[in-house]
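Try each task before reading its solution.

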Amino acid sequence: MAHKREDGREFDETRKIEAKVGVIKNADGSAMFSFGDSIAIAAVYGPRELYPQHLKKPEKGLLRCYYDMLSFSVTERKRPGPSRRSSEISFVTTKALEPVLNLDAFPNTVVDVYIMILQANASTRCAGINAASLALANAGLEMTELVSAVSIGKIEDAIVADLTKDEEDYKITKDGKKIKAATDIPVAVLSRSGKISLLQLDGKIKPQELQEAVALAKKVCAKITEIQKNALKKVKES
Amino acid sequence: MEKETKKKQEENEEPVEHEHKPRVITVPGEVLVSGPGYLPGEGTRREGQDIVSSKFGVIEKNDKLIKVIPLSGAYIPRIGNNVIGEVTDVTFNGWIVDIASPQAAFLPASECFGFINKRDLTEYYTFGDNIVTKIKAIKSRGVDLTMKDRALRKLEGGMIIHINPTRVPRIIGRAGSMINTIKDETGCSIVVGQNGIVWIKGTNVENELLAKEAIEMIVEKPFVEGLTEKVKEFLSSKVKKPKKAEEKKEEKEEKKESKEEE
Amino acid sequence: MEVSNLTKKRIEELLKKETRFDKRKPLEYRDIVIETGISKNAEGSARVKIGDTEVLAGVKLDVMEPFTDTPENGALIVTAELLPMSSPKFESGPPSIQAIELARIIDRGIRESEFIDLKKLCLREGELVWAVYIDIYPMNDDGNLIDAAAMAVVAAIKTAVFPEIKEDKVQYGKFTNKKLPLNEMPVTVTCYLVDDTFILDPVVAEEEAAKCRVSIAATFDKDEFIHALQKSGEEALTEKEIETVLSIALKEGKKLHAKILAQLKK
């Protein structure tokens, strides 16, 4: 059964992307990035002094990412405060961005990246990483390249880019038993080297399908990188 | 002789005022140039044949050197920089100073002129004092400051504003042209710290605020052509100055000329 | 870096001449922009910008068993999170006392004015009532978060709608076009004492120069009533100063009330 996407998109098509830099004046760098209805804002403060003392690294600065969602960004209210999910996403986001940052010039300091989801319709961690990458560049940090992320999904036999919540939740049940469900694969790609800094998966997929998914992610992320670049280049003066 | 010193000044100042060339913005990961012709300067790196940007900023080519001048970012302390800081703590042998940079800064008592009494350091500089100080050394644990140089002192009166440190060269201008224009037009004393902290003191608050406005104008639009002239025009139209002796002399001469023409 | 003592002195000097760094008068607000419906999954939401200060507020509804002491009333729960992204002063972690105070000040303004008619949120007395969750998030702090938050909250509440409910379960994602049962809209005005002058809508530097603040929530539709008041800060106030604050808050609050309604009509 050939799968058709509900909103009529092609398999390799993302939702409408909007990217804007410099959205939070107090921050050293900031950006907004959205995939359709999923909107993320990232703000960077740093390098700055790091407390508590025991976290200080004498050889280079530390990168700390905090991902969270506004309580009203989701359909059922999310209680304020970190959840296990947001802690994990914070962690993998840090790992996705670390490879491009050079903080050797700032030992014993920290670069704090705060990511907030204003409105959620799946792919929020990818929107967050895209916003964070822009915010880090906007903050004038030394980076080898940008980081671009997209969620890839496998629905039935189709490998598609940029899942919506409906697509993420896609499942077919028979007699109360789940027979088919979507597989969700968030991927982050480094813009110049093409290396993968974020790769997660949950679902059910064959190895060669996963290879296909990664290849599609690279292709789509190259387009996302162009959008990120243009957003940065628009900031000419302030 | 003059030409040589001018060229030297240009090389030492950053960025060079290319008022007639379009500014090209680059982002991390972008290839700036390929091939052996160029050397990678600040904000860039060499990867094989390519020179690649490592920062979000403006591309600058000087002879064979290609640099990326950042448009934003935290102040990176450099030895010899004059900065403005605020005393946040007093220890037994010096002061901890906030210089708005990622690492802590320390001013040892031994680095101050005319220093005698070692018991109560707060008599010299105390909590909340603003000082113009110089960076003497940069260590991994922090920055060491000194007061041993002319123009370094505690600041009294006036106001302090914070600006994006990457704009400091533009505020100062080529050989100080921009900052001197602001000082002359507003009659204010102004100290621009390399760390983006600026002190302004005038004969009245209104002139201080004008100088502040002029500085903020430059921070907002640093790449506008003929900016120095525009700033001068803006200020002279707003500042109410009492007639100086020079102006009175000019008026007399003008009257004399017009009489002659008749 | 904190605001310099030198700058604070200049702020005080200017106020003696009844003016400020940005040329505003002591009781003048910066430009106010109110947008609603900024987060689609919320039952109500708003973004308020006062100058560079930006605050988001959202309304989420759920059903629950009423509290035992008020079996026929719906519930109102207001929280605020001072996001570290909005200011270098805020740290991540559990809500600070500033965040708790902000939420409770806003809560009292909404609750005591009966802006939301909690009695009309009753589905079945003693069994099932609506709960209204209001969450406040500053996005950029350039002073006067309280007034901005209060505006964002009333704008979110005014434009909020009930979600669909089926067999006592909320059908999230499905909205009705039924608005919340509302009474008079409260307006919050916070007066800040800098040296010996009261100002409104301070920027961060002015807030840091202030030694005391008083927030007042009032309604103006038929008559003037004060519903909530909070004094905060190191300095103590004289009776005369409290009188001054009240008259400022009521006079300027009325103007603000008209401004807010005008923005919401757009």
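**Exercise 1. Find the handedness of the crossing of H2(C) and H3(C), then describe how the two helices pack.**

Step 1. The crossing of H2(C) and H3(C) is right-handed. A crossing is called left-handed if the near helix is turned anticlockwise from the far one by less than a right angle, and right-handed if clockwise. Helices here are DSSP runs of H or I with at least four residues, strands are runs of E with at least two, and both are numbered from the N terminus.

Step 2. Helix H2 covers residues 97-112 of chain C and helix H3 residues 145-159; their axes lie 10 Å apart at an angle of about 45 degrees. That makes H2(C) oblique to H3(C). Axes are lines fitted to C-alpha atoms, for helices over the stretch in contact, and angles between N-to-C directions run from 0 to 180 degrees. Angles under 35 degrees count as roughly parallel, over 145 as roughly antiparallel, 65 to 115 as roughly perpendicular, and the rest as oblique.

Step 3. From H2(C), the residues C:Leu102, C:Ile105, C:Ile106, C:Gly109 and C:Ile110 meet C:Leu145, C:Ile146, C:Ala149, C:Ala150 and C:Val153 of H3(C). Contact means that C-beta atoms, placed from the backbone, lie within 7 Å. By class, this contact has nine nonpolar residues, one polar and no charged. Ala, Val, Leu, Ile, Met, Phe, Trp, Tyr, Cys and Pro count as nonpolar, Asp, Glu, Lys and Arg as charged, and the others, Gly among them, as polar.

A note before going on: this is a predicted model, in which local features need pLDDT of at least 70 and side-chain atom pairs count only at pLDDT 80 or more, while totals for chains, interfaces and linings use all residues. Residues are numbered from 1 along each chain as its sequence is written, and chains are lettered from A and ligands numbered from 1 in the order in which they are written.

**Exercise 2. Check the span of H5(C) and find what its buried residues pack against.**

Step 1. Helix H5 of chain C runs over residues 239-265, and its 27 residues should span 39 Å at 1.5 Å a residue; the end C-alpha atoms are 39 Å apart, which agrees. The expected span is 1.5 Å times one less than the number of residues.

Step 2. In H5(C), C:Val245, C:Ala249, C:Gly253, C:Leu256, C:His257 and C:Ile260 are buried. A residue is buried if 20 or more other C-beta atoms lie within 10 Å of its own, exposed if 12 or fewer, and partly exposed in between.

Step 3. An α-helix has 3.6 residues a turn, so residues three or four places apart point the same way.

Step 4. The buried residues of H5(C) pack against H3 and strands S1 (32-36), S9 (187-194), S10 (197-200) and S11 (212-219) of chain C.

**Exercise 3. Describe chain B, then work out how H4(B) sits against H5(B).**

Step 1. Chain B holds six helices and 16 strands, and 38% of its 262 residues count as buried.

Step 2. Helix H4 (residues 205-220) of chain B has 16 residues and reaches 22 Å between its first and last C-alpha, close to the 22 Å expected. Its buried residues include B:Leu210, B:Ala214 and B:Ile218.

Step 3. H4(B) and helix H5 (residues 227-238) pack at about 155 degrees, with axes 11 Å apart. That makes H4(B) roughly antiparallel to H5(B). H4(B) passes H5(B) in a right-handed crossing.

Step 4. B:Leu210, B:Ala214, B:Met217 and B:Ile218 of H4(B) meet B:Leu227, B:Val231, B:Phe234, B:Leu235 and B:Lys238 of H5(B). This contact divides into eight nonpolar, no polar and one charged residue.

**Exercise 4. Count the residues in the contacts of chain B with chain A and with chain C.**

Step 1. The chain B side divides into 12 nonpolar, seven polar and three charged.

Step 2. Chain C gives nine residues and chain B 14 to theirs. The chain C side has four nonpolar, three polar and two charged.

**Exercise 5. Locate the backbone features at A:Pro47, A:Glu156 and C:Glu18.**

Step 1. The peptide bond from A:Gly46 to A:Pro47 is cis, with omega near 0 degrees; A:Pro47 is in strand S3 (residues 38-49) of chain A.

Step 2. A:Glu156, not a glycine, has a positive phi near 55 degrees. A:Glu156 is partly exposed, with 13 other C-beta atoms within 10 Å.

Step 3. C:Glu18 also is not a glycine and has a positive phi of about 60 degrees. With 10 C-beta neighbours inside 10 Å, C:Glu18 counts as exposed.

Technical notes
Two residues are in contact if their C-beta atoms, placed from the backbone, lie within 7 Å.
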